Amino acid sequence: MDSSGKIFLNDLIARAEVLLAAMSAELNKSNLPLPVIVRMINSVHQIVATWEAILADIRPTAGCNAERRNGADGEEEEEEDRNPLLDATLPAASEMEPQQNRGSRQEGVGEMERSPPVFDAPDVPLERYDLGQTGTGHITCVCSSTSDDEFYMIDQTAKGLQLAEVLKTLQNLDERLDVVPESATAVFGVRFEGTIMRAVRNKVHGEGEPCFIQLLDTGEIVPLDTSMELYEVPPFYARLAPFAVPCRLEGFEDNAFKAGDKRAFLGASLYETKWFQVVQVGRSRLVVRLGPPGETKQVVQKEAAVPEPSYKISMDTLSPDQVEELNEEPLNTTNVMKAVLGYVPQDDRRICPFYDPTIEGCFKGSGCRLEHVAKLEDGWTRDKVPHKIKIRAEMEQPRVGSEMVLIPTFVANVNEFYAHICLPKLSEALIDMQSKLNDPEYTRDFKLLNHEPHFCELVFAKYAVDGRWYRAEVVEFFSLDRISVFYVDYGNRDTLKIDQLRYWDDRFDYLPFQAVHCRVANIKPLKQNHPEATDQFRRAVLDHGVKIHVLDNQTPWEVLIYDEDGEDIGEILVMTKLAARRQPLVMDHAGAIPA
């Protein structure tokens, strides 16, 4: 190992010490849920086992040009979990000190003979911030290996497209990359801790130099592992600015730490939401003060600068609504294939009509540029069929403060349930749709799902109890014999096999999803697993008409629920010691977003 490798390893070890200390402090000072504790145990056990194995048998480091495993060949090698430590963060090129000042680092790592990984990541638009502007941010990465006061955060008060929406779409990527892109500016997807995220690679100046990747939306830097799955990112998401805002800590409000102990404060604040105030807007970093999140601090968001009018129309000059409208096919299309299937198959254009399976080619030999594969005998296309994740019809949200009658259809917990709105027109429409959905005139046109379902893909799923078809959404895919689905019109879930699913049919787009997600605003569970309380709540409300008072109409609805006698069911559960009292969580949509 050369000197720079030892230096970087020492930085990683220092970062590991900070993370383990923060994890130990969090474990001792708070009552963590059992799933979080189990996850912590598993992750620490894997790390410790991996370190012990490395000390016993040192293996060579894989370089940037190592060939990656092809995901299509179906061959999976059994290997130990080689995921690196969560954060080995080093600053971007614009934030590093000048070359003449790179003589040494703190933390006893010695002198630097080679610069750390340099990245050419897309810029974060800092011009939208003003001096004194406040907001709330989620700290995703602490640059403890290079500085005591640099970190990354996600601005939760920023307007526009949100990270959750982008991540939800990225999980549908299926175009795999065999090797990491050569260009340091190319944005690609990487599956990190089970989630596909956007990333860029570091600049490499010589052969054999180790390869690192930076996650654009969290700021973390990790070594490239040959077991990581890489994906091609669509141009729209490749051009999208990173959500992780690079910051430098000017000061903080926390009596548990000394005023100058920025390193310890940031280490304890990792993955937490903090209030921030902009002290200075730099060219590549925000200088901020941090404090505990509070609902009384006013958030002032600066509008993005309006660019000068451009007379050249491109995808960059269109708004999201205009892009969506541009991508829509006109309703009066004359293309029969487009009208029936929703897309135009390209088999005749791609596949050679003279293909001979005996020679696995055609008479033209190597001179033929078309694809040599047999067309499917049943007439199905070999193209990838686009999957459905959204319908146009949406349920109208009730006004805050209004009252209505619901019929709960599924109880998930003592304070959480799904219900139908008790309106005759909606009930009749659902009954009519279910009748059509199971009518042989329609079901004979349903196509068997012939691919691994995507996350949030809309399908028709058979319910094992009555054998009928229902509208559903894929929640989780484990195997072809174990697929978890959510029935969007009733709120319950089931685990099915692939042959119990069918492709979505756009003829059933007209009715909004009927399962309304509600949460009782004034109670919370006494403990994480309390079946007696859930059963009692189920017997009180399931399939009965209950009156609700809407406190917040954002999903899930925050409601107060009353029985036939007008008694508050939440208060009854509290008095019978089946639930704990809770202050209703009502969002002020015109003000700050509480943590």
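**Entry 1. The chain as a whole**

I began with the contacts, counted where heavy atoms lie within 4.5 Å. Among contacts in the chain between residues at least 6 apart in sequence, I found that 67% join residues at least 24 apart. I noted that the model is predicted, that local features need pLDDT of at least 70 and side-chain atom pairs pLDDT 80 or more, while totals for chains, interfaces and linings use all residues. Residues are numbered from 1 along each chain as its sequence is written, and side-chain values use heavy atoms, with hydrogens and water left out.

I then looked up the secondary structure and found 12 helices and 23 strands in the chain. Helices (H or I, at least four residues) and strands (E, at least two) are DSSP runs, numbered from the N terminus. Of the 595 residues in the chain, 39% are buried; buried means under 20% relative accessible area, exposed over 50%, and partly exposed in between, with a 1.4 Å probe and protein chains only. The accessible surface of the chain is about 34600 Å², and 51% of that surface belongs to carbon and sulfur atoms. These areas come from the Shrake-Rupley method with a 1.4 Å probe, and for residues only the protein chains shown count as cover.

I asked which residues of helix α3 (residues 163-170) are buried. They are Leu 163, Val 166, Leu 167 and Leu 170. These residues cover an arc of only 95 degrees around the axis, which puts them on the same side of α3; the arc is that of the directions from the helix axis to the C-beta atoms. An α-helix has 3.6 residues a turn, so residues three or four places apart point the same way. The cover of the buried residues of α3 includes β2 (150-155), β5 and α4 (235-239).

I followed β5 into an open sheet of six strands, with the order β3-β8-β4-β5-β6-β7 and antiparallel pairing. Two strands pair if DSSP finds at least two bridges between them. At the edges stand β3 (176-177) and β7 (221-223), each with a single partner strand, so one side of each has no neighbour in the sheet. Strand β5 (residues 195-201) runs antiparallel to β6 (residues 212-215), and three bridges join the two strands. I noted that Ala 199 has Leu 215 in β6 as its bridge partner.

**Entry 2. The annotated span**

I checked the UniProt record, an unreviewed entry, which places "domain: C3H1-type" at residues 346-375. The record also places "zinc finger region: C3H1-type" at residues 346-375. UniProt positions are given in the numbering used here, feature names are shortened, and annotations may be inferred rather than shown by experiment. In the model, I found the end C-alpha atoms of this span 11 Å apart, with 13% helix and 0% strand.

**Entry 3. Helix α11 and its cover**

I listed the buried residues of helix α11 (residues 531-541), which are Ala 533, Thr 534, Phe 537 and Val 541. They lie on the same side of α11, because they cover an arc of only 95 degrees around the axis. Their cover includes β12 (403-413), β13 (416-421), β19 (516-520), β21 (546-552), β22 (557-562) and α12 (569-575). Just after α11, Asp 543 has a positive phi of about 65 degrees.

Next I examined β13, where five of the six residues are buried. A hairpin through two residues joins β12 to β13, and the two strands pair in the antiparallel sense over six bridges. Asn 413 stands opposite Glu 416 in β13. β13 also runs antiparallel to β19, with four bridges between them. The bridge partner of Glu 416 in β19 is Arg 519.

**Entry 4. Aromatic pairs**

How many aromatic pairs does the structure hold? I found 15. Rings of Phe, Tyr and Trp (its six-membered ring) pair if their centres lie within 6.5 Å; planes under 30 degrees apart count as stacked, over 60 as edge-to-face and the rest as tilted.

Phe 446 and Trp 469 form an edge-to-face pair, 6.5 Å centre to centre with 90 degrees between the planes. Phe 446 lies in the loop between α10 (440-443) and β14 (458-462) and Trp 469 in strand β15 (residues 469-479), so the pair ties together parts that are 23 residues apart in sequence. Both Phe 446 and Trp 469 are buried.

The rings of Tyr 463 and Tyr 470 have centres 6.1 Å apart and planes at 90 degrees, so this pair is edge-to-face. Tyr 463 counts as partly exposed at 24% relative accessibility, whereas Tyr 470 counts as buried at 11%. I also recorded one aromatic cluster, formed by Tyr 442, Phe 446, Phe 460, Trp 469, Trp 504 and Phe 508.
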